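Biologist: I'd like to go through this one with you. Can we keep it brisk?

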Amino acid sequence: MSLRTVAESRVQRLEVLGENGKADPSVDPKLSPEILLKMYRTMVEIRAFDEIAFKLQRQGRLGTYPQILGQEATQVVPALALEPKDWLVPTYRGQGAYFARGMKLRYSLLYWGGDDRGVHFPEETNDLIFAIPVGSHLTQAAGLAWASKLKKDGAAALAYLGDGASSKGDLHEALTFAGAFKLPVIYLIENNHWAISVPRERQAACETLAQKAWGYGVCGLQVDGNDALAVWRAVSEALDCARSGGGATLLECETYRLGHHTTADDATRYRPAAEVEAWKRKDPVLRLKAYLEGRGLWDERRDADLRARAQEMIAEEVRAYEAFPPPNPLDMFANNYARAPWALIEQRAELEKILRESRDLEEVASLPPPEGRFP
Ligand SMILES: Cc1ncc(C[n+]2csc(CCOP(=O)(O)OP(=O)(O)O)c2C)c(N)n1
Ligand SMILES: [Mg+2]
């Protein structure tokens, strides 16, 4: 009889930028000014959008909205590291990633205004719709990565999840598959420390969420998620690993949700203000700005200019959102089935009849034709 160690694991954490924006030269990815400035601009723009979207909701001009305030680095940077052919598989807190992939902000507003025409991605990118049911998209990302592997098209899949979603069975199934089949997929946990009112400590007894990778034979790494350079480096290396046949990676990016869970929540009822203040000192936007200034790539004049232009761009997006014509009610039946079940065919016909016989013919006549596909 003997007792010996047959396997051992360790968890590493990647940090490049200090809170003052100084980079550790031994891990600095030394990115070109072009990509650094693109990262920073996109993060500033999406933060400005986030604030305006929140206000629109409070004014009754948007249905609901999940802010990404404080999570700009984990939203924007991984999406910029992807190639268009890669699959982006986001959660509902994903408008920063969509925006970085080229989606116009008017569509984010449309979506959160309750209109499914907001699901409108650029032609050239492979983006999936937001997953509202927590965790449900994780196995789909494994499936997409498997398809890419079989087709040898060189694409990888990047799936986002929250610290709360990391407790769901879906992640177990997805990682089991991703590990066993060496799939080109990255699971990026945006550990923002809260799942609505449930704190990270209640999610799992383990010290890190990154170590969950170990049980599945998948690479795992903890990353300072408020450090844009660390996020870039971690995601780029995970993509290289995926594309070169090395398989899947689980990244735990530690960040913080500075806002409420959504506009339907009031976070002041369950978390201390001091915790929020402490995280504001690790602001991902300010840290990247300090780094750029240190490299002589940025200054206050350019910053003021960027912020002013961001306000103009967003005002134009809000105008376009509010000027969208109302959707045709028949579109609610579209895009769901390759072959529609009889009940839907009947219901659609009934609605069409009601619309045709409507007393308010003028309004019905002004509706745009249905856009979606109904078999
Ligand atoms: C299957 C499922 N259960 C419950 C919910 C309600 N719900 C929405 S968000 C959320 C918390 C998710 O927290 P986390 O995964 O940490 O993501 P975060 O919102 O912090 O980005 C819950 C329980 C849901 N949308 N889907
Ligand atoms: Mg969370």
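Modeller: One definition to begin with. Two strands pair if DSSP finds at least two bridges between them. With that in hand, strand β2 (residues 87-89) and β4 are joined by 3 bridges, and they run parallel. Keep in mind that this is a predicted model.

Biologist: Which residue in β4 is the bridge partner of Trp87?

Modeller: Ala157 is the partner of Trp87.

Biologist: What about β5, how many bridges pair β4 with it?

Modeller: There are 6 bridges between β4 and strand β5 (residues 185-191), again in the parallel sense. Leu158 stands opposite Ile186 in β5. Tyr160 has Leu188 as its bridge partner in β5.

Biologist: Is β4 buried on both sides or exposed?

Modeller: Buried. Ala157, Ala159 and Leu161 point one way, while Leu158, Tyr160 and Gly162 point the other way, and all are buried.

Biologist: Zoom out a bit. What is the order of strands in the open sheet?

Modeller: The sheet has 7 strands, in the order β1-β8-β9-β5-β4-β2-β3, with parallel pairing. The edge strands are β1 (13-14) and β3 (126-127), each pairing on one side only.

Biologist: How many bridges join β8 to β9?

Modeller: Strand β8 (residues 219-224) and strand β9 (residues 249-254) share 6 bridges and run parallel. Cys219 stands opposite Thr249 in β9.

Biologist: New topic: helices. Which residues of α9 are buried?

Modeller: Helix α9 covers residues 284-294, and its buried residues are Pro284, Arg287, Leu288, Lys289, Tyr291 and Leu292.

Biologist: What do the buried residues of α9 pack against?

Modeller: Against three helices: α1 (33-58), α2 (72-81) and α7 (228-243). After α9 comes Gly296, with a positive phi near 75°.

Biologist: Now some loops. Where does Ser136 lie?

Modeller: In the loop between β3 and α5 (138-151). Ser136 is partly exposed, with 13 other C-beta atoms within 10 Å. Not counting residues up to four places away in sequence, Ser136 touches Ala131 and Asp170. Gly60 is 76 residues from Ser136 in sequence, and their C-alpha atoms are 30 Å apart.

Biologist: And Ser32, buried or exposed?

Modeller: Exposed. Ser32 has 8 other C-beta atoms within 10 Å, and exposed means 12 or fewer. Ser32 is in the loop between β1 and α1. From Ser32 to Pro199 is 38 Å, C-alpha to C-alpha, and the two are 167 residues apart along the chain.

Biologist: Last stop, the whole chain. How many helices and strands are there?

Modeller: The protein chain has 12 helices and 9 strands. Its radius of gyration is 22 Å, close to the 21 Å the globule rule gives for 375 residues, so the chain is as compact as a globular protein of that length. The C-alpha atoms fill a box of roughly 80 × 60 × 45 Å along the principal axes.

Biologist: What share of the residues count as buried?

Modeller: 41% of the 375 residues. As for contacts between residues at least 6 apart in sequence, 77% join residues at least 24 apart.

Biologist: Which domains is the chain divided into?

Modeller: Domain 1 (13-322) and domain 2 (329-365). Taken over C-alpha atoms, 38 Å separate the centres of domain 1 and domain 2.

How values were computed:
Residues numbered from 1 in each chain as written. Chains lettered and ligands numbered in written order. Predicted model: local features only at pLDDT ≥ 70, side-chain atom pairs only at ≥ 80, totals over all residues. Domains from an automatic or database assignment. Helix = DSSP H or I, 4+ residues; strand = E, 2+ residues; numbered from the N terminus. Rg over C-alpha atoms; globule rule 2.2 N^0.38 Å. Buried ≥ 20, exposed ≤ 12 C-beta atoms within 10 Å, placed from the backbone. Contact = placed C-beta atoms within 7 Å.
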